[in-house]
Amino acid sequence: MKIQAKKRFGQNFLKDETILEKIIQSMPKNDNVIVEIGPGLGDLTKRLITKKDVIAFEIDKDLCNILKKDFEKAIKEKKLILKCGDVQDHWKNSLVDRPYDLIANLPYYVATNIVLNALRDKNCKNILVMLQKEVAQKFSAESKEKDFSSLSVLAQTAGVVKKLFDIKPEAFEPAPKVMSSILLINKKKSLDDKNFENFLKIAFSAPRKTLLKNLSSKYSKDNLKKVFEQLNILPNIRPHQATTSIYHQLYEILEKRKVDGRKETTKL
Ligand code: SAM
């Protein structure tokens, strides 16, 4: 039966056997269960269940019914647990109640949010996902590269990040308009400080302006200058030129120790 891909669910089915095999070869080696978000027609799922148990979340009811039939045996043998519905509704604190690796060809429209949720989820240990190439670069860029962003800082805070390889649109049906990439994050810890995430939003609010200018929307310029000097940061650097470690040090001084650079409490 020919399935009509639904744009609103970001359905681009990966059909290239070589790429599917490369994803399997890139899987972290451990005993964690696999969580797949968006199994679609099950091309990746059928390979994943030959390696480990899988818990899969699929939003599309039509696909869910097809998957239930195609994977009847695996579901009976508990190699596959299929959950129908929006994965975001299942994500309270942890998506599942045991250590897991997220392995998925993600729908582009929610990919960034899903990776951020996985970085925050303490049961998620590794992330191996397909994303739009630009988004993968934002997560994997190093300090001083033009794509270095708040997402890079968050990914580096949680673990070791690598963009593994790129995938051309022709590998999918239907072909998306953009290139895709495979991103791997081996987590060492989970993100646990929303305030730090908010601090980064301010720091990167205008990427072409200086970091000092961006931060001065919340903290007094005089205090920022002092803190920059203390940390040996040039006053004219742009947000992408600082390192993850510098962001943690700035946050520690400005927010945690509350060196009172906050505008509300400082006389200018
Ligand atoms: N894994 C399949 C493959 O590689 O061919 C399909 C990948 S396709 C890019 C994305 C899949 O995610 C689709 O099956 C889509 O229905 C599903 N999806 C989209 N939004 C979702 C959500 N919020 N929760 C769960 N699944 C979702």
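Reader: How do the residues of the lining of the largest cavity divide into nonpolar, polar and charged?
Author: The lining has 19 nonpolar residues, nine polar and four charged. Nonpolar here covers Ala, Val, Leu, Ile, Met, Phe, Trp, Tyr, Cys and Pro; charged covers Asp, Glu, Lys and Arg; the others, Gly among them, are polar. Note that this is a predicted model: local features need pLDDT of at least 70, side-chain atom pairs count only at pLDDT 80 or more, and totals for chains, interfaces and linings use all residues. Residues are numbered from 1 along each chain as its sequence is written, and side-chain values use heavy atoms, with hydrogens and water left out.

Reader: How much space lies in the largest cavity?
Author: About 410 Å³. A cavity is a set of points on a 1 Å grid over the protein atoms alone where a 1.4 Å probe fits but cannot get out, and lining residues have an atom within 4 Å of a point. Points are joined across faces, edges and corners, and the volume is the space filled by probe spheres set on them.

Reader: Which residues are closest to its centre?
Author: Of the 32 lining residues, those are Ile 37, Gly 38, Glu 58, Asn 105 and Pro 107. Elements that each supply at least two lining residues include strand E2 (33–37) and strand E3 (54–58). Helices (H or I, at least four residues) and strands (E, at least two) are DSSP runs, numbered from the N terminus.

Reader: Switching to the sheet. What is the strand order?
Author: E4-E3-E2-E5-E6-E9-E7, an open sheet of seven strands with mixed pairing. Two strands pair if DSSP finds at least two bridges between them. The edges are strand E4 (80–84) and strand E7 (159–167), each pairing on one side only.

Reader: In which sense do E2 and E5 pair, parallel or antiparallel?
Author: Parallel, over three bridges, with E5 spanning residues 100–105. Val 35 stands opposite Leu 102 in E5.

Reader: How many aromatic pairs are there?
Author: Six in the whole structure. Rings of Phe, Tyr and Trp (its six-membered ring) pair if their centres lie within 6.5 Å; planes under 30 degrees apart are stacked, over 60 edge-to-face, the rest tilted. Phe 196 and Phe 199 form a stacked pair, 6.3 Å centre to centre with 20° between the planes. Both lie in helix H9 (residues 194–203), three residues apart, about one turn of the helix.

Reader: Backbone next. Where is the cis peptide bond?
Author: It joins Glu 173 and Pro 174, with omega about -10°. Pro 174 is in the loop between strand E8 (172–173) and E9.

Reader: And what is phi of Lys 78?
Author: Near 65°, a positive value in a residue other than glycine. Lys 78 is in the loop between helix H4 (72–76) and E4.

Note on methods
1 Å grid on protein atoms, 1.4 Å probe; cavity = no way out; pocket = protein on both sides within 12 Å on 5 of 7 lines; lining within 4 Å.
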